[in-house]
Amino acid sequence: MCKALALCAVLACCGCKNHTASGGKVFSYNETTGIATLDPAFAKNQSVMWAVHQLYNTLTEVDTGLNIVPSLATHWEISPDRLTYTFYLRTDVYFHNNAAFAGGKGRRMVAADVAYSLGRITDAKTASSGAWIFNNRIANKGFEVLNDSVFRLKLARPFQPILGILSMQYCSIIPHEVVEKYGTDFRRNPCGTGPFQFKFWEEGQALVLEKNTAYWQKNAQGNRLPFIDAVKISFFDNKATEFLQFRQGRLSFINDIDASFKDEILTKRGCLRKEWQGKLTLQKHAYLNTEYFGILVDESNRLVSNSPLRIKAIRQAMNYAFDRRKLMMYIRNSIGIPAESGMVPDGLPSMNVQMVKGYTYNPLKAKQLLQEAGFENGKGLPAIKLLTIPVYEDIASFCARQMEEVGIKVQVEIVQKALLLEQTAKSQALFFRGSWIADYPDAENYMAMFYSKNPAPPNYTRYKNTEFDRLYEQALEETSDSLRYSLYRRMDQLVINDAPVIPVWYDQSIHLLQPTVTGLQENALNLLELRTVRVQ
């Protein structure tokens, strides 16, 4: 059967209420932004990360409680100086069948595959978007194979979050034979050890993964995973079409709700409206993403030296000037938490949200700070341009209107995402909308945004504070979780006091599921976990 006919056949059998013609169970979802690659070295956005997570495994992984737990490594040992990590690997893990292997049969995964996979990320020839994860962290010849089941990693200096780094999709374990066979076309010929294996991909139409019947993992009851037979990903680029497909039972779930129909489904307090109860399942939980407005504070930059935003009191006034709670209820339907603490979002064990004091709506305080800065009621204060992308125009406009009420005139300018990313990376944006999604479950991920020795990204504001830098470097070497968390909170408070950012909200994941779908585990990284899913 030719590829086109095969595609039609699979789409036909996967499209009807998530069952195949043979009675198999299919989990279907849609990616409006498409999927650029299935090569984990380029897993830089959610659409790629979700697909890659089904195909591959990593040495460690993050459980639903954000704990780092074993995956391909059964356990590990850490040297007293915290520089050497020795990983003991499973011996029952096999790569998916592929023509690159002898006889087309997948071979056993060994320590050399780990060294190859991690080394490939750092190889300049790969040009991996994830190369930064090991920058200045891994010692020379830091990936060492002791034998087939023992791998050793050596750090240049202690870095407590390294186990979380190794759980990232960038660190997926791949076989060199398949990469060598397909070269750059490995992006659409993936091969891993994950619960699902590649079936076919008609770009822009559908991607189909099928159950790996030889998958190594079992659940707590001893049942072999995964439970479903296939995963089908469609690529409708319109959210309205996606929602229609979901209502017709052709999609198993939807991630997030488009603004155009969120009021139809949710109350202003973020609950299902009565007419939808029993027809679908709503999941809502903490997501490690902070939405914020960033302010460039590098006074050596002409943009800053000529702007009133160089004055801390002005930046603090902007933080006090708008009502985050009203914004969340009326624009976001209570999807998220008002960011009235620091930059570290809800859901992390350092508990910054509970213990760092941020800004609440206080227009009188905002006016007082303006007066102290020499701009009573905003008199003489020039207009400030806020750069944002189209999808956040309503939020930026809400904040701008409220800031204007206290005397801070903000002009909202809409730009395309690529241009905004370019301008923030080059320190050409003075005041801009941003978001920071955690790559691993440690507050260091957010504090790295303000370490002066870091470039942009992640330090888009070019913030520099010698006390912050000292605490950051101390935290990297701290082995006690409680002491490290205390340092994170002190750093977070320093940032909030200096106000190079205006935190707006701490995000939440929101999923709509068909009632026939069970076992979809929630996690604050919003990683699509399909190993334990069942479809009735």
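Contact here means heavy atoms within 4.5 Å. I am working with a predicted model, in which local features need pLDDT of at least 70 and side-chain atom pairs count only at pLDDT 80 or more, while totals for chains, interfaces and linings use all residues. Residues are numbered from 1 along each chain as its sequence is written, and side-chain values use heavy atoms, with hydrogens and water left out.

**Entry 1: the core**

I looked up Phe134 first. Leaving aside neighbours within four places in sequence, Phe134 is in contact with Leu118, Ile121, Thr122, Phe143, Ile162, Ile165, Leu166 and Cys171. I then looked up nonpolar cores, that is, sets of buried Ala, Val, Leu, Ile, Met, Phe, Trp, Tyr and Cys residues joined through side-chain atoms within 4.5 Å. Buried means under 20% relative accessible area, exposed over 50%, and partly exposed in between, with a 1.4 Å probe and protein chains only. The largest core has 146 residues, and Phe134 is among those with the most contacts inside it, along with Phe87, Leu153, Ile408 and Phe431. Another core, of 14 residues, lies apart from it and includes Leu251 and Phe261. I note that in soluble globular proteins nonpolar side chains tend to be buried together.

**Entry 2: the cysteines**

How many disulfides are there? I counted pairs of cysteine sulfur atoms within 2.5 Å, and the count comes to zero. Cys171 is in no disulfide, and the nearest cysteine sulfur, that of Cys191, is 18 Å away. That is too far for a bond. Cys171 is buried at 2% relative accessible area, and Cys191 is buried at 1%.

**Entry 3: strand β1**

Helices (H or I, at least four residues) and strands (E, at least two) are DSSP runs, numbered from the N terminus. Strand β1 covers residues 26–30, and five of its five residues are buried. In a regular strand the side chains alternate between the two faces of the sheet. I find Val26, Ser28 and Asn30 on one side of β1 and Phe27 and Tyr29 on the other. Two strands pair if DSSP finds at least two bridges between them; five bridges join β1 to β10 (residues 230–234), and the two run parallel. Phe27 stands opposite Val231 in β10.

**Entry 4: Thr424**

Thr424 is found in helix α14 (residues 417–425). Is Thr424 buried or exposed? I find it buried, with a relative accessible area of 5%. Its side chain reaches the backbone oxygen of Leu421 at 3.0 Å. Leaving aside neighbours within four places in sequence, Thr424 is in contact with Ala429, Phe432, Ala456 and Tyr460.

**Entry 5: salt bridges**

I took a salt bridge as a side-chain nitrogen of Lys or Arg within 4 Å of a carboxyl oxygen of Asp or Glu. The count comes to 25. One of them joins Asp39 and Arg120 at 2.6 Å, N to O. Asp39 lies in the loop between β1 and α2 and Arg120 in helix α3, so the pair ties together parts that are 81 residues apart in sequence. Both Asp39 and Arg120 are buried.

Glu413 and Lys385 also meet in a salt bridge, at 3.4 Å, N to O. Glu413 is in strand β15 and Lys385 in strand β14, so this pair ties together parts that are 28 residues apart in sequence. Glu413 is partly exposed at 32%, and Lys385 is partly exposed at 42%. I also noted that Glu61, Glu529 and Arg531 are linked in a network of salt bridges.

Note on methods. A polar contact is a pair of N or O atoms within 3.5 Å; within protein, one must be able to donate a hydrogen and the other to accept it, and residues adjacent in sequence count only if both atoms are side-chain atoms.
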